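Welcome, and thanks for taking a look at this chain with me. Please have the sequence and the 3D view open as you read.

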Amino acid sequence: MVKKKEKINIMGTKYKVDEPVAKTMKALSDALHAHEVALLTWAHKTYYSDLKKADLKIFNRSFYDYCMKIPNAHDVLTRMKELDAKYAEDMKVQKEEEKKKEKDTKKIKSKNKKEKVKGAKE
């Protein structure tokens, strides 16, 4: 029995692979394309379509259900929420530090101004 080789193209490079590998690559490529189309459909419906709010809510719910079929989707979304919370906390700390620096800068400028006035009087 002779194993049949098929030519496939991966990012511009051509390979000769066994038939089962070529079929697997084709199935993965088709699945990826289907996900891309679903994502673009969501973007279109959300940003460019004149759907009523109720219809958009139904569409978004069905898209969410579709996304939750992705392996480990719940874990990934949980991690994303954690990262969002950490980012929000980091931004809060950064703003507080900026306010403190601004306040300190104003104090220094005020002190320098008072010293200049005091020096001018003498």
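## Starting at Leu77

Let us begin with one side chain. Once neighbours within four places in sequence are set aside, Leu77 is in contact with Tyr64 and Met68. Leu77 itself sits in helix H3, which covers residues 73-121. Is Leu77 buried, partly exposed or exposed? Its relative accessibility is 33%, so Leu77 counts as partly exposed, given that the partly exposed class lies between the 20% limit for buried and the 50% limit for exposed.

## The overall picture

This is a predicted model, so please read every value below as computed from it. The protein chain has three helices and two strands. Going from the N terminus, the order of these elements is β-β-α-α-α.

How does the radius of gyration sit beside that of a compact globule, and what is the value for this chain? A compact globule of 122 residues would come out near 14 Å, but the protein chain has 30 Å. The C-alpha atoms fill a box of roughly 105 × 45 × 30 Å along the principal axes.

## Burial, contacts and surface

Buried residues account for 7% of the 122 residues in the protein chain. Take the contacts between residues at least 6 apart in sequence: 13% of them join residues at least 24 apart.

The protein chain exposes about 11,600 Å², and carbon and sulfur atoms supply 59% of that area. As for charge, there are 32 positive and 20 negative side chains, and the centres of these two sets lie 4 Å apart.

## An aromatic cluster

Across the whole structure, a search finds three aromatic pairs. How are the rings of Trp42 and Tyr47 arranged? Their centres are 5.9 Å apart and their planes stand at 90 degrees, so this pair is edge-to-face.

Trp42 and Tyr47 belong to one aromatic cluster together with Phe63 and Tyr66.

## The strands and the loop between them

Ile10 has its place in strand E1. Not counting residues up to four places away in sequence, Ile10 touches Tyr15 and Met25. With a relative accessible area of 33%, Ile10 is partly exposed. How far apart in space are Ile10 and Phe63? The C-alpha to C-alpha distance is 30 Å, for a separation of 53 residues in sequence.

Met11 comes in the loop between strand E1 (5-10) and strand E2 (13-18). Met11 is exposed, with a relative accessible area of 84%.

Backbone angles give us a last stop. Met11 has a positive phi of about 50 degrees although it is not a glycine. Asn72 is another residue other than glycine with a positive value, its phi being near 65 degrees.

Asn72 has 54% relative accessibility, so Asn72 counts as exposed.

Key:
Residues numbered from 1 in each chain as written. Predicted model: local features only at pLDDT ≥ 70, side-chain atom pairs only at ≥ 80, totals over all residues. Heavy atoms only, no water. Helix = DSSP H or I, 4+ residues; strand = E, 2+ residues; numbered from the N terminus. Rg over C-alpha atoms; globule rule 2.2 N^0.38 Å. Buried < 20%, exposed > 50% of the residue type's maximum accessible area, 1.4 Å probe, protein only. Contact = heavy atoms within 4.5 Å. Areas by Shrake-Rupley, 256 points an atom, 1.4 Å probe, with all protein chains shown as cover. Lys, Arg positive; Asp, Glu negative; His and termini not counted. Charge placed at Lys NZ, Arg CZ, Asp CG, Glu CD. Phe/Tyr/Trp six-rings, centres within 6.5 Å; stacked < 30°, edge-to-face > 60°.
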